[in-house]
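Colleague: Before I use this model, I would like to go through the terms applied to it and hear what each one rests on.

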Amino acid sequence: MTKPPLTLYLAAPRGFCAGVDRAIKIVEMALQKWGAPVYVRHEIVHNKFVVDGLRAKGAVFVEELDECPDDRPVIFSAHGVPKSVPAAAAAREMIYVDATCPLVSKVHIEAQRHAEAGLQMIMIGHKGHPETVGTMGQLPEGEVLLVETVEDVAGVQVRDPEKLAFVTQTTLSVDDTRDIVAALQDRFPAIVGPHKEDICYATTNRQEAVKTVAPRSDALLVVGAPNSSNSRRLVEVASKAGCTYAQLVQRTTDIDWRALEGISSIAITAGASAPEVLVNEVIDAFRDRYDVTVETVETATENVEFKVPRILRVPA
């Protein structure tokens, strides 16, 4: 039987960013240096395939530090942790490695700097997300106020409207965040923003690529995890950019083939914590059903690389 033709637009950049690459490498190098088990507080990155792969090599994933023994190394996830966590690890004389993405650390340093200048912080982010929890935990309780939407800005109660600064989660929608920043500046004209935008280069680049491929595609699939903020934002960006069907899939088993009946073009991208092997798996699934022509649509080139912490670069 002849397979129907399908144009598959492959968005680029997609998938792993430098922070995710570094975090995975940190766990692998820790296992090489100290042997198994190595404990990891929270999922190192938000991707089940990646986490399961590291678990098979000897990583033990826990939610809290008190689940870790004193005598084994512990790694903090790429999303960052509140200041209290490394302090508690140090008090227990544990070996710990901080895999916080350097671009998240930049936001932490920014928040600290503003606080030292006497400014109260407003954070634009998602409540409960590990990155938001980590950033808010850099300062004492009540020093960081969270807003999630433009509507939240109207109700936020500040100490002094003349002494405010804002930071943002690094994985937000660029467009939505722009609207929230505008609302903050409208209500608090004296508010101080970051020197350089907090939303990271990888989030911005992947959203721009989606904006390019979405309008020309009948459907768009984002390969990523449901708890991955940047992956979920890509689905939203695709819908807003005019794609009538945008869906998040972890693996090929999540593809709703009935919803895709009759399409002649599809776009594929991947969140910053999704490995390329899962993208290839999805492409192969389409090749099984369609006569696929792959067209890569590249909107930016990435060559960012982050060093792993010094503790992993010196012999045990």
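This is a predicted model: local features need pLDDT of at least 70, side-chain atom pairs count only at pLDDT 80 or more; totals for chains, interfaces and linings use all residues.

**Terms and their grounds**

Colleague: Which residues of α7 are buried, and which elements do the buried residues of α7 pack against?

Modeller: Val174, Thr177, Ile180, Val181, Ala183 and Leu184 are buried in α7, the cut-off being under 20% relative accessible area. The buried residues of α7 pack against the strands β6 (120-124), β7 (144-147) and β8 (164-168), and also against the helices α6 (150-155) and α8 (201-213). As background, residues three or four places apart in an α-helix point the same way, because there are 3.6 residues a turn.

Colleague: Why is Pro189 called exposed?

Modeller: Exposed requires over 50% relative accessible area, and Pro189 has a relative accessibility of 71%, so Pro189 counts as exposed. Pro189 belongs to the loop between α7 and α8, and its C-alpha is 9.6 Å from that of Leu164, although the two are 25 residues apart in sequence.

Colleague: What makes up the largest nonpolar core, and which of its residues touch the most other members?

Modeller: The largest nonpolar core has 27 residues, and those that touch the most other members are Val27, Ile44, Leu54 and Ile75. At least two residues of this core come from each of α1, β2 (38-41), α2 (48-57) and β3 (59-62), with α1 giving the largest share, eight residues.

Colleague: What is Val27 in contact with, leaving aside its neighbours within four places in sequence?

Modeller: With those neighbours left out, Val27 is in contact with Val40, Ile44, Leu54, Ala59 and Ile75, where contact is judged by heavy atoms within 4.5 Å.

Colleague: How many cavities of 30 Å³ or more are there, and what lines the largest cavity?

Modeller: The count comes to one cavity of 30 Å³ or more, and the volume of the largest cavity is about 270 Å³. A cavity is a set of points where a 1.4 Å probe fits but cannot get out. The lining of the largest cavity has 22 residues, and Cys17, Val20, His79, Thr171 and Asn230 lie nearest its centre. Two or more lining residues come from each of α1, α4 (102-116), α8 and α9 (229-240), and by class the lining has 10 nonpolar, 11 polar and one charged residues.

Colleague: What are the volumes of the largest pocket and the second largest pocket, and what lines them?

Modeller: The largest pocket has a volume of about 250 Å³; its lining has 13 residues, of which Val133, Met136, Gly137, Glu141 and Val144 are the closest to its centre. The largest share of that lining is three residues from α5, and by class the lining of the largest pocket has seven nonpolar, four polar and two charged residues. The second largest pocket, at about 150 Å³, is lined by residues including Phe16, Asp21, Arg22, Lys25, Tyr201 and Glu305. Helix α1 gives the most to the lining of the second largest pocket, with four residues, and that lining divides into six nonpolar, one polar and five charged.

Note on methods. Residues are numbered from 1 along each chain as its sequence is written. Side-chain values use heavy atoms; hydrogens and water are left out. Buried means under 20% relative accessible area, exposed over 50%, partly exposed in between (1.4 Å probe, protein chains only). On a 1 Å grid over the protein atoms alone, a cavity is a set of points where a 1.4 Å probe fits but cannot get out, and a pocket is an open set with protein on both sides within 12 Å along at least five of seven lines; lining residues have an atom within 4 Å of a point. Grid points are joined across faces, edges and corners, and a volume is the space filled by probe spheres set on the points. Ala, Val, Leu, Ile, Met, Phe, Trp, Tyr, Cys and Pro count as nonpolar, Asp, Glu, Lys and Arg as charged, and the others, Gly among them, as polar. A nonpolar core is a set of buried Ala, Val, Leu, Ile, Met, Phe, Trp, Tyr and Cys residues joined through side-chain atoms within 4.5 Å.
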